[in-house]
Every structure is written in C-alpha cells, then in structure tokens.
Amino acid sequence: MDGPAITAEPGGSPRLVFVFPGQGAQWVGMGRGLLESSPVFAGALEECAAAVEDELGWSPRRRLDSDAPLSDVSEIQPVLWAFQVALAAVWLDWGVGPDLIIGHSMGEIAAATAAGALSVRDAAAVVSRRGVLLRELGAAGAMWAVGLGEKEAEEAIGRHADLVCAGVLNSDRFTVLSGDPEAIERIVAPLRERGVFCRRVAVGYASHGPQVEPIRDGLRAALAGVRAKAPAIPLHSTVWDRPVTGPELDGAYWMENVRRPVRFAPAVRSALSGDEPVLFVEISPHPLLVSAVGDAIEAAGAAAACVPSLVRRQPEMETLLAALGAAYAAGRAPDWSRVRAAGRRVPLPAQPWQRRRFWVDPG
C-alpha cells in the first residue's frame, strides 16, 4: 500500500477510487492463476475475448496461454483491456464497488466499460480498431519519462513545442514527453547534465502527441457507430479533466484519448479534494500508477492510500485477497459470502501431539 495507511474509524468508510493504467503492465503468465481460481474473472474475460475475436479473429483468452511476450500494440491493448474489465468484475462481485473511476490513456477504455458507459461490444471495437490503426502508423516518434512537473516540462520543451509536448501528466514529479525523437533528444540532453531523471519509454509510437494525427480520419470513420451512455459509476475523464456524462465518449472521443495529454495528476488531485479519506485501487496485472498516486497523496497531505490489485509473478488470488484485506482494513465492507465462494477451502490442521505424559505413578 502506497501512502499513509488508512485505518477504519467506527462506522466510517473511505471513498473508493478505481484507477485503470495504460499499457506496460503486461507480463507472460498473467491471468492464469485467476482463470483457474475465479469463475467471475474467467467469465468476464471470455465475454471480452469473444468480442475481440469477432473484431480481430483471435482470442485474448487463448493469447494469455502463450509464453510469447505481448509486443505489438494491436495485441497488447485488447488483451489488457479484457484483463482489466475482468479484474474489475471480481472486485464488483465481491461487493467492493468504487465511488469513482479514473482511466489512464488506453486504460480509459476499460474504465468506461467497468463504469457502464461503453458496452463490451463497443469497447472491443474501440480498442481493436484503434490498435490496428496504431500498428499501421509504425514507429512514429518517441516518448521519454522525465522527473519534472508539467510546468517545468513545458519550460524544458521551450522552442520545440511544435514537435514535442508534455503528453502524460502523471504527477507533480513525473511527466512523459511525446513527439519527434531528435527534438526530444535535444531536450533531455541538458536535463541529464543537471541530474534530472530521464528514461526512454519502450513504446512503438508516440501517443498523446502530434505523431498520431495521421490516424484521425480513419479512426473516426472506424468508430462512427460507437454509442456511449451515462455511466452507472461516476467516471472522471483524463482527456478533459472533468466528470463525463457518457454520451461524449463516442468514436471521436477515443481519437482525443490517444492524441491529447493524459491529465492523470489533475484527476487524482480532484479525487483528493474532499475531506473524507480516499482509497485508490489499481486495476491491472501489475502496478503502474501506485507511485504517481502516492506522489499526489504526499503533495496534498491527504488521508489516502493506493493498493495494487496484482503484482507481476506473485500468486494472483493470494495477492488479490491481500488487496481486499487492505480495503477491508480501511473500512470497505465486502460481501463475504461472495468472497468465500471464490476462495479455496483447505482442511484445518489437526491438533499436534504435545508428547507429555500424564500417567499416574503407582504408589
């Protein structure tokens, strides 16, 4: 758990926020433990996988059984979307429903699905058709994570603003630059000399910057039939940095989602702006946003914490149950009958022999 621990007050309960990260959390073997131990996870994943298979001709469910790493954007994003939707379904089945949902980059597609704003079919169309167009775009641009806040990052970009932008605003400490590779190299060189953290992000294209503009017309045409509705769970857009009513999450929105900056840090600050404690739960196969949320919590001095659902190569059901325990300790009350239905029953150990004698000695 990142951030100060939250201890439940008598009768109290923290505000619960689900955060869905973008790509990068994938790992070989993810999901296999939950597919065996959680019928809810398996059922939700199968529904999502069937929708993707109708779009692309292959199944994310079968892809999870492969030992080949996910490397192509047109595979990574549909598989992660299906995984995130299924993982959120487990939390909801356990009676731990969020008061707010925030999605980060492509994670916003899963966030909109879990919130009820997009149907599984429409969400599969968004993640699949956009992934194909991004693959066809090729290796356009580069992305670099730098240890700067938004204002400092924009100052560093300076005269290169027509080629590079602050594409991902993760926290007051970290921003991701997106744009022309040579221009970014010229920006990060003096930053490195100053000792600023700078690291190239391993992606095949520069999202959230001008390099994705060529897919605009094709994507809008491909997603013309997408229809969104009012979310059943409040959803905060990291494109517009405000709550959304639902209908605006149409095909055109998902172009802006990949083109405009990810305003994750402002969304988290908004979630922390109230007086009540807040518990963030990251919905992903491995934590990517826990650190960024922790930065926001520290900066705000808030009574809040962030919990990862799963951790790479750690036993999945046990890790998820530990996260549930953290939510319970913070004051969220699960439906224990549903949790017990998902758990594995093991026999209690027998009473060990103490091997002490109590015979009466003869007189």
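This report describes the nonpolar cores, the sheet and some of the helix packing in a predicted model.

**Nonpolar cores**

The largest nonpolar core holds 81 residues, and within this core W81 and W91 touch the most other members. Helix 4, residues 73-93, supplies the largest share of this core, with 13 residues. Beyond its neighbours within four places in sequence, W91 is in contact with F18, V96, V281, I283, S309, L320, A323, L324 and A327. Another core lies apart from the largest one and has 26 residues, including A145, F264, V293 and C306.

**Helix 2 against helix 4**

Helix 4 also packs against helix 2, residues 39-56; their axes come within 8 Å and cross at roughly 150°. Angles over 145 degrees count as roughly antiparallel, and the two helices are therefore roughly antiparallel to each other. The crossing of helix 2 past helix 4 is right-handed. The residues that meet across this pair are set out below.

| Helix | Residues that meet the other helix |
|---|---|
| Helix 2 | V40, F41, A44, L45, C48, V52 and L56 |
| Helix 4 | S74, P78, W81, A82, F83, V85, A86, L87, A89, V90 and D93 |

Six strands form an open sheet in the order 8-7-2-1-9-10, and their pairing is mixed. Strand 8 (242-243) and strand 10 (304-308) are at the edges; each has a single partner strand, so one side of each is left without a neighbour in the sheet. Strand 8 pairs with strand 7, residues 235-237, in the antiparallel sense over two bridges. P243 in strand 8 is the bridge partner of H236.

Helix 5, residues 107-115, lies across strand 1 (15-20), strand 2 (100-103) and strand 7, and runs at about 155° to strand 2.

How many of the nine residues of helix 10 are buried? Seven are, so helix 10, residues 251-259, is largely enclosed by the rest of the structure. The buried residues in helix 10 are G251, Y253, W254, M255, E256, N257 and V258.

Key
Residues are numbered from 1 along each chain as its sequence is written. This is a predicted model: local features need pLDDT of at least 70, side-chain atom pairs count only at pLDDT 80 or more; totals for chains, interfaces and linings use all residues. Side-chain values use heavy atoms; hydrogens and water are left out. A nonpolar core is a set of buried Ala, Val, Leu, Ile, Met, Phe, Trp, Tyr and Cys residues joined through side-chain atoms within 4.5 Å. Buried means under 20% relative accessible area, exposed over 50%, partly exposed in between (1.4 Å probe, protein chains only). Helices (H or I, at least four residues) and strands (E, at least two) are DSSP runs, numbered from the N terminus. Contact means heavy atoms within 4.5 Å. Two strands pair if DSSP finds at least two bridges between them. Axes are lines fitted to C-alpha atoms, for helices over the stretch in contact, and angles run from 0 to 180 degrees between N-to-C directions. Angles under 35 degrees count as roughly parallel, over 145 as roughly antiparallel, 65 to 115 as roughly perpendicular and the rest as oblique. A crossing is left-handed if the near helix is turned anticlockwise from the far one by less than a right angle, and right-handed if clockwise.
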